[in-house]
Amino acid sequence: MFAKKEKDKKKLATDPERLGNAPIGKLLIEFSIPAIIMMVFNTLYNIVDTIFLGYAVPVVGVAVTTLAFPIMTVLMGFSMLAGQGGSALAAIQMGQGDRNKVEWTLGNTAMLLFGMSLVVALVALVAIDPLLAVIGATKDPSLTEPTRQFVQIICVGFAFQSLGMGLNNFLRTAGKPNLSLATGVFGTIMCIVFNYVFVIMMGMGVPGSALATVVGQLFGAVPVLWYFILSKDTPFRLRVRCLKPQLKLCRKIMALGVASFAMQVAGTLVGIVFNQVINVYGPTDPIGIAGALSSIGVAQKVCMFCFTPLIGLTMGAQPIFGFNYGAKNWQRVLTCFKLTCLTAVAIGAVFLLCAYVIPYPMVGLFGVTGQYQEFSVWALQVMCILFPPVGYQIVGSNYFQASGQPMKATILELTRQVIFLTPLYVILPPLLHDMFGLPYLHSVVFAAPVSDALSICVTTVFVVYEIRKLRRLRDEQRNGGAPQPPAGAPAPQDAAAS
């Protein structure tokens, strides 16, 4: 038994072992840059659909992708629920040198991902009409049928996105950030190629764009599965015996992934509320419902694209946080947190500058013109005003997930998009209109920066308390005391138990 454990530790002492001893700055660059690029390409799935449809089916095409965006967001959330939760748990287990537990975590994550994809496909086939009503696709008859086609195709092919994106997280945990990047980029490139073929060359319109997205996701999933099943240099493998569901392990995986899932579901809820609000206030403006969905939808997609590097940054930092938390390297955890926050603030500042220096090229990429373009530019500049500190907020909430504190992570994820933004969409339009005479649609846009400000304040309270605890643990460790995990967090060995 002892010999087997030593053998497992030796197998893990390859690329992943660097997480515990290589310079933090170098690791953050090595892991985050590929993750950022990969997330940018993953985000391009919806943006590519919007661009091609914006030129092939003006206004209606962009409106359909705006209506379908909440569905695409929650689908990504299911992938992250098991994928990021499983990879976070595996990173902690690797810090303890237990290869067997890592493989069971990988196997159970794969089963969770596949099971969720089957449920999604079934719902899209038998309950599509209530789904369309919820996202607001039945308010304008010209949008109902194309939205139905787009959503059903995306949901039926969700298995490819689920397995490809979900298991891609484990590539970084295995010390292969560049391979993680390559698979994500490959899938997006194929999505672009098939969008051009189906939408532009063959004139398939909305259904063609959805089909191109599914095909691109298939091409991205195949190399990920190949690596964990057939590759000889993987530090842990996807084994048949590990596919057998273990209820306790599945609960731990989903508990650690619930923060990421909450973020995506929150985005879906916000998107649904937003669609309904636009259906109410769109007729009060000359651009109408379809024009409002198109104009503000473009601004939202640009903001989403800007947030994507921040998500990629935290994904790159996650295995570093998890490994060193599992190994009780408290100073390395503190150093990683500081460097990640500084980088996130810098990224947010760059995109804020771009929104004010080159806004027209940014929104013009989506094919909006005239009054739609003017409104999109204004909305973009309002929405991104607090981008720099929002970067810090995103790092703060994701740290708690990576360190095995899912409840705190979930609360912080929900503050920005559910607890604050959703009610603000409802409250601000009549309030600002009555107090300052601001048009209703303009008031809807102001909900985003107000929500950002409130969530930043809440995150700061959590982070200050956590940093103090980590410093105390570090000092106890240096003085020979027995370190304990931060208050409210599970002990690393408990978080990694399978």
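**Close-up views of a predicted all-chain model**

View 1. Lys 408 is buried, with a relative accessible area of 15%; buried means under 20% relative accessible area, exposed over 50%, and partly exposed in between (1.4 Å probe, protein chains only). This is a predicted model, in which local features need pLDDT of at least 70 and side-chain atom pairs count only at pLDDT 80 or more, while totals for chains, interfaces and linings use all residues. Residues are numbered from 1 along each chain as its sequence is written, and side-chain values use heavy atoms, with hydrogens and water left out. The side chain of Lys 408 meets that of Glu 466 in a salt bridge, at 3.8 Å from N to O. A salt bridge is a side-chain nitrogen of Lys or Arg within 4 Å of a carboxyl oxygen of Asp or Glu. This pair links distant parts of the chain, 58 residues apart: Lys 408 is in helix H16 (residues 406-419) and Glu 466 in helix H19 (residues 447-478). Helices (H or I, at least four residues) and strands (E, at least two) are DSSP runs, numbered from the N terminus. Glu 466 counts as buried because its relative accessibility is 2%.

**View 2. Glu 103 and Arg 239.** Glu 103 forms a salt bridge with Arg 239, and the closest N and O atoms are 2.8 Å apart. The two residues are 136 positions apart and link distant parts of the chain, with Glu 103 in helix H4 (residues 99-126) and Arg 239 in the loop between H9 and H10. Glu 103 is buried, at a relative accessible area of 2%, whereas Arg 239 counts as partly exposed at 28%.

**View 3. Arg 148 and Asp 129.** A salt bridge of 2.6 Å, N to O, joins the side chains of Arg 148 and Asp 129. Arg 148 belongs to helix H6 (residues 141-156) and Asp 129 to helix H5 (residues 128-134); the pair is 19 residues apart and links distant parts of the chain. Asp 129 is partly exposed, since its relative accessibility is 44%. The structure holds 9 salt bridges.

View 4. Ser 231 lies between helix H9 (205-230) and helix H10 (247-281). With 6% relative accessibility, Ser 231 counts as buried. Its side chain makes a polar contact of 2.5 Å with the side chain of Asp 233. A polar contact is a pair of N or O atoms within 3.5 Å; within protein, one must be able to donate a hydrogen and the other to accept it, and residues adjacent in sequence count only if both atoms are side-chain atoms. Not counting residues up to four places away in sequence, Ser 231 touches Trp 226 and Arg 237, where contact means heavy atoms within 4.5 Å.

**View 5. Gly 208 and Phe 198.** Gly 208 is found in helix H9 and is buried, at 0% relative accessibility. Gly 208 and Phe 198 are 10 residues apart in sequence, and their C-alpha atoms are 5.0 Å apart. Leaving aside neighbours within four places in sequence, Gly 208 is in contact with Phe 198 and Val 199.

**View 6. The bend in helix H17.** Helix H17 (residues 421-436) bends by about 40° at Ile 427, and Pro 429 follows within four residues. The bend at a residue is the angle between axes fitted to the seven residues ending there and the seven starting there. Buried residues of H17 include Leu 424, Tyr 425, Leu 428 and Pro 429. Gly 437 follows H17 and has a positive phi, near 75°.
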